Amino acid sequence: MTLLSLTGLTKSFGGLMAVNEVSFDVPVGAVVGLIGPNGAGKTTVFNLITGNHRADRGTVLFEGRDITHWRTHRIVKLGIARTFQTIRLFQNLSVLENVLAGCHCRMRSGPAAAMLRTPGARREEKAALERALAELAFVGLAGQEMQLAKNLSYGSQRLLEIARALATEPKLVILDEPAGGMNEQETAALIGTIGRIRQRGITTLLIEHDMSLVMKACERIVVLEYGSRIAEGTPEAVQGDPKVIEAYLGTED
Amino acid sequence: MYIYGGIFAALAVAPLFLNPYWVDVLNNVGLYAILGLSLNLIVGHAGLFNLGHAAFFAVGAYTAAILNTQFAIPVLWLLPACALAAGLFAAVIARPIIHLRGDYLCIVTIGVGEILRIALTNDIFGITGGPNGIFGISRPTVFGYVIRKPHEFYYLIGAFLMITIFLFHRLENSRFGRAVNYLREDETAAEGSGIDTSHYKLAVFVLGAAWAGMAGDLFAAKMTIIAPESFSFWESVVMFAIVILGGSGSIPGVLLGAVLFVGLPEAFRDFADARMLIFGAAMVVMMIVRTEGILPQRPRLYPLPGSGGTGGKA
């Protein structure tokens with residue numbers, strides 16, 4: 001069954017064709033990798049899915065629903081959460097509050113309920129706190145709740161972004177270079193985390209340059225070059241694909 | 001906590017020991033504290049630069065003045081009407097400009113403030129009394145007791161300030177309070193975490209404006225005469241400076257800012273000539289050595305398990 005389906009997705013910036021007629025499907029429960037050389041348009045594809053950019057053409061279907069021109073926060077509420085390639089945490093807020101940001105879209109109380117501190121608002125706040133703590137424990141950041149986000153190590157900041165994304169209770173998480181800036185040990189732990197995300201029934205779509213991670217964690221891989229999809233398949237099939245080898249290594253002449 | 005308790009106790013009995021002039025100074029401090037707290041939601045918490053807050057204060061004051069003098073509605077009953085008028089005015093003007101960033105929004109809000117002041121001076125719709133303003137606003141009554149003297153106003157304004165602090169403190173420590181902080185820190189990340197950023201910008205702008213409208217009602221009741229000159233650009237600057245220097249996003253900071261900006265100049269009246277110079281120098285020093293304000297926003301505490309129920313260390 002297909003969770004996310006891209007059809008003919010196209011986006012250009014000025015004269016640059018960043019994403020050109022890209023189509024692929026993400027099945028429910030899978031871990032799908034999106035790879036390609038620098039500047040291939042991977043992050044742009046992510047931005048088109050999550051509503052950060054508007055597609056020129058093409059459609060994004062999520063659970064059969066057309067979300068192509070939806071605003072980001074609605075897409076998150078529908079069940080797609082993401083992390084950013086350049087870490088975008090709320091640097092001056094605590095680790096805990098960063099994760100609580102993800103809980104926001106599953107809460108309802110407004111300013112009046114806050115001022116009156118209604119029982120409903122208190123209950124909701126308590127539940128959100130528990131959920132945030134659980135997500136922090138899930139990614140391995142338990143005990144650092146009251147640190148400021150900016151004081152975390154680079155690898156921990158990436159994990160915090162994942163925790164924030166998971167706190168939105170997503171059906172699909174989109175990870176943009178989750179292992180960027182991580183050492184080998186941290187990367188190994190991250191592969192474990194991605195596996196546990198999958199066990200929770202959450203589908204994952206990720207961009208990654210670390211091929212060992214991609215080959216270990218993903219069961220399907222989509223390869224982009226110059227904004228176009230050049231290959232798609234299992235890790236083994238993609239590794240052996242001459243077009244992929246050419247895109248990464250160049251041809252002999 | 002003891003410090004705040006002590007300050008509260010001292011302020012509660014202050015009118016007994018002060019002459020009416022100083023009580024009136026404290027009344028102004030209180031009024032600016034309310035205005036500062038309302039602007040703090042917008043500037044301090046949401047990071048939206050609003051240098052036209054006096055406009056919403058004015059809308060509240062004029063709403064009170066017109067409805068009171070034309071229809072003889074008691075001024076304190078007009079608090080919701082003033083909040084509504086200022087809030088609506090804010091919603092209408094903020095809607096098209098709220099997406100502007102930083103300094104652009106700042107310039108537009110200055111423009112709005114000035115346009116409103118000039119409109120009031122030009123007797124717009126024939127109801128604002130032009131440059132002379134509106135006079136003959138009746139005194140507020142609380143349970144049949146007419147509030148007239150400065151020390152009576154002191155307790156009225158003080159009560160409203162207390163309520164404001166109480167409610168805003170709760171608001172800060174809530175889903176709403178966090179949401180506006182997220183959009184101040186990183187709008188893209190906030191939107192990407194599922195927060196409807198344009199909704200929250202508008203909501204916090206309208207809420208802050210509505211509160212300033214209620215402060216306008218108290219101001220009209222206290223003065224009994226209001227005129228456009230009370231709502232000049234300078235007033236917006238003072239409110240802005242109270243927030244920035246006192247401590248963006250911090251209730252104690254804003255209260256201290258109000259004391260420094262409104263109370264201290266009165267204390268130094270004898271040096272009236274050098275006052276602005278000293279003030280300017282103090283601001284420059286502040287901006288260099290402590291950009292986050294004198295009493296900056298402190299991290300919220302949460303009842304974490306295993307930390308005694310009061311929250312972990314920062």
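In this predicted model, the largest nonpolar core comprises 174 residues. Those with the most contacts inside the core are Ala163(A), Tyr32(B), Ala58(B), Ala64(B), Ala86(B) and Ala215(B). Helix H9 of chain B, residues 197-223, gives the most to this core, with 16 residues.

Leaving aside residues up to four places away in sequence, Tyr32(B) touches Val238(B), Met239(B), Ile242(B), Ala258(B), Phe261(B) and Val262(B). Tyr32(B) also takes part in the contact of H2(B) with H11(B). Two packed helices are described by the angle between their axes and the distance between the axes. Helix H2 (residues 20-45) and helix H11 (residues 251-267) of chain B pack at about 140 degrees, and their axes are 8 Å apart. This angle makes H2(B) oblique to H11(B). The crossing of H2(B) past H11(B) is right-handed. On the H2(B) side, the contact is made by Val25(B), Asn28(B), Val29(B), Tyr32(B), Ala33(B), Gly36(B), Leu37(B) and Asn40(B). The residues they meet in H11(B) include Ile251(B), Val254(B), Leu255(B), Ala258(B), Phe261(B) and Glu266(B). By class, the contact of H2(B) with H11(B) holds 12 nonpolar, 5 polar and 1 charged residues.

Ala90(B) counts as buried because it has 28 C-beta neighbours inside 10 Å. Beyond residues up to four places away in sequence, Ala90(B) touches Phe56(B), Phe205(B), Val206(B) and Ala209(B). Ala90(B) and Leu202(B) are 112 residues apart in sequence, yet their C-alpha atoms are 8.6 Å apart in space.

Between the chains, 33 residues of chain A are in contact with 31 residues of chain B. On the side of chain A that touches chain B, two or more residues come from each of helix H2 (72-78), helix H3 (95-103), helix H4 (111-116) and helix H5 (119-139) of chain A. H3(A) gives the most to this side, with 5 residues. The chain A side divides into 15 nonpolar, 11 polar and 7 charged residues.

H3(A) is mostly covered, with 9 of its 9 residues buried. Among them are Val95(A), Glu97(A), Asn98(A), Leu100(A) and Cys103(A). Within chain A, the buried residues of H3(A) pack against strand S6 (80-82), H5 and helix H6 (154-166). In chain B, their partners are helix H7 (175-185) and helix H8 (187-192).

Terms used
Residues are numbered from 1 along each chain as its sequence is written. Chains are lettered from A and ligands numbered from 1 in the order in which they are written. This is a predicted model: local features need pLDDT of at least 70, side-chain atom pairs count only at pLDDT 80 or more; totals for chains, interfaces and linings use all residues. Two residues are in contact if their C-beta atoms, placed from the backbone, lie within 7 Å. Helices (H or I, at least four residues) and strands (E, at least two) are DSSP runs, numbered from the N terminus. Ala, Val, Leu, Ile, Met, Phe, Trp, Tyr, Cys and Pro count as nonpolar, Asp, Glu, Lys and Arg as charged, and the others, Gly among them, as polar. A nonpolar core is a set of buried Ala, Val, Leu, Ile, Met, Phe, Trp, Tyr and Cys residues joined through C-beta atoms within 7 Å. A residue is buried if 20 or more other C-beta atoms lie within 10 Å of its own, exposed if 12 or fewer, and partly exposed in between; C-beta atoms are placed from the backbone. Axes are lines fitted to C-alpha atoms, for helices over the stretch in contact, and angles run from 0 to 180 degrees between N-to-C directions. Angles under 35 degrees count as roughly parallel, over 145 as roughly antiparallel, 65 to 115 as roughly perpendicular and the rest as oblique. A crossing is left-handed if the near helix is turned anticlockwise from the far one by less than a right angle, and right-handed if clockwise.
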